[in-house]
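Please open the structure in your viewer and keep the selection tool at hand. The stops below proceed from the whole chain to a single residue.

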Amino acid sequence: MKIEDRNAGRIRRAPEGFLSSDGIRTVVEEAKRDRRDFIRSAFATAVAGAAGGAALAQGKPVPTADGDPNILQLPAHSKGLGKSVVTDGYGKPSEFEGNVQRRQSPGLTPTNQASVSFAPLQSLFGVVTPSGLHFERHHQGWWDIDPSKHRFMINGMVKKPMVFTLEDLMRLPSVSRFHFIECGANTAVEWGNVAVPTAQYTHGMLSCSEFTGVPLVTLLEMAGANLKDGNFVLAEGADGSSMTRTIPMSVIKSGEVFVAYGQNGEMLRPENGYPLRLIVPGIQGVSWVKYLRRIEVGDQPYATKDEAIHYIDLMPGGQHRQYASLQECKSVVTTPSGGQVLLDKGFYNITGLAWSGRGKVKKVDVSVDGGRNWRTARLESPVMSKCLTRFNMNWIWDGKPTIIQSRATDETGYVQPNYRQLRAVRGTRSIYHNNAIQSWLVQENGEVKNVQVS
Ligand SMILES: Nc1nc2c(c(=O)[nH]1)N[C@H]1C(S)=C(S)[C@@H](COP(=O)(O)O)O[C@H]1N2
Ligand SMILES: [Mo]
């Protein structure tokens, strides 16, 4: 690539980076009506808002004729005394980044306690989700539970039922591992057709952290669990939603499943299950029981409400598929993505995320012509199992309309399907487990739009 190409390609942030909640509502509604210019009109509204200036400033070329005042006029921070240490005992992001937030999709859920907030994937780098931006899914609100009063019980097919305090658990040998968590309902609204405008809402029920805790198999062994005939466990949360999920003993015996108290170097956030949650790598988020208070060992699946009525897949023949918990290989381009605007022809760094519930991502192919030709993207290292993987690819935009897609392949050889392939097997009436290839249309005016092609 020529050096001068790298200077080109200014990009304007997706609207949720600076819109008010009213503005977001407009964008979502306009997008549903398939208005071509919804981003433009939403942006016009946003400029009136407080944070619009910062977003606009990003798109401004550096003045060169009379010199750049940002260089020539010495700013206060180069002359004065800055703030003191521990001005804030727990640091926060820059106020200029204040609109990078997890957000609720307007109108998606009737109550805010049984709802979801989406992580701003299009604003993040690398693979780790900052804990404060981790998506949230609560069935009956979240709690900040006093850890000194929290108890964790193991019972059922065990020799010695046991109760652990948090301190008991934190004294045991621990593991720290990076894993993604994806709600089974991520991308659910897109099963029938395009429904939401940006990557935050199409794919943001996805996050990735370094979790720390104790392998569940260690705790089961301490309780003398019957690992031969106890083929399943039931995991139960302490919140009012009675979140209970069956986990096969085979995945627990592999040592992968652990009981976590740590997240990104500190204790779990209350929204994410403080003080204790189950980590079930590769499996849909619902099985990662938060506020974990009990594990029962049994010899058959429990068919709880969240396994018999919810989190089942309606297949084309009219039958429901149960216990399809694995999150299959999937990927999404996060830049350029829906709602962003390419302001120039020229160089762009296409970047995105890929993941697989079966293990490592082996390769990601990117198409910039609606799926006719594919080029292999660079995977950033380390590539970890059941973890997000960041990919990047150089691209020169010639200013013509085009469709950008990514297609991931995992280490088992499984290839992410397009919508035609997925619907041929799964139909269109499912809610969960939509791992289809995402398409972003770059329009001639630079606006990027969510579209579906087969
Ligand atoms: N106790 C409890 N655990 C729970 C839930 C819940 O509502 N209560 N929601 C589940 C669902 S559906 C998902 S997708 C994940 C979301 O985890 P997060 O809120 O940390 O992103 O937690 C799961 N564990
Ligand atoms: Mo979920």
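In what follows, helices (H or I, at least four residues) and strands (E, at least two) are DSSP runs, numbered from the N terminus. By that definition the chain contains eleven helices and 26 strands. Please note that the model is predicted.

**The whole chain**

Begin with the chain of 454 residues, of which 41% are buried. Consider next the contacts between residues at least 6 apart in sequence: 72% of these join residues at least 24 apart.

**Ligand 1**

Select ligand 1 and display its surroundings, a shell of 21 residues. Which residues are the closest to ligand 1? They are His-139, Cys-183, Gly-237, Gly-285 and Lys-290. Coloured by class, the shell shows eight nonpolar, eight polar and five charged residues. Strand S4 (residues 136-138) supplies the largest share of the shell, with three residues.

Zoom in on S22 and strand S23 (residues 389-397): the two run antiparallel and are joined by two bridges. Select Leu-379 to find its bridge partner in S23, Phe-391.

**The largest nonpolar core**

In soluble globular proteins, nonpolar side chains tend to be buried together. The largest nonpolar core here has 83 residues, and Val-257, Val-259 and Leu-278 touch the most other members. Strand S19 (residues 346-355) contributes the largest share of this core, five residues.

Centre the view on Leu-278. Setting aside neighbours within four places in sequence, Leu-278 is in contact with Ala-235, Val-257, Val-259, Trp-288, Val-289 and Leu-292.

**Ile-247**

Finish at Ile-247, located in strand S10 (residues 244-248). Is Ile-247 buried or exposed? Ile-247 counts as buried because 22 other C-beta atoms lie within 10 Å, and the cut-off for a buried residue is 20 or more.

Apart from neighbours within four places in sequence, the contacts of Ile-247 are Phe-232, Val-233, Ala-235, Ile-252, Val-257, Val-280 and Ser-287. To check one of these pairs, draw a distance between the C-alpha atoms of Ile-247 and Val-257, which are ten residues apart along the chain; the separation is 9.5 Å.

Key: Residues are numbered from 1 along each chain as its sequence is written. Chains are lettered from A and ligands numbered from 1 in the order in which they are written. This is a predicted model: local features need pLDDT of at least 70, side-chain atom pairs count only at pLDDT 80 or more; totals for chains, interfaces and linings use all residues. A residue is near a molecule or strand if its C-beta atom, placed from the backbone, lies within 6 Å of it. Ala, Val, Leu, Ile, Met, Phe, Trp, Tyr, Cys and Pro count as nonpolar, Asp, Glu, Lys and Arg as charged, and the others, Gly among them, as polar. A nonpolar core is a set of buried Ala, Val, Leu, Ile, Met, Phe, Trp, Tyr and Cys residues joined through C-beta atoms within 7 Å. A residue is buried if 20 or more other C-beta atoms lie within 10 Å of its own, exposed if 12 or fewer, and partly exposed in between; C-beta atoms are placed from the backbone. Two residues are in contact if their C-beta atoms, placed from the backbone, lie within 7 Å. Two strands pair if DSSP finds at least two bridges between them.
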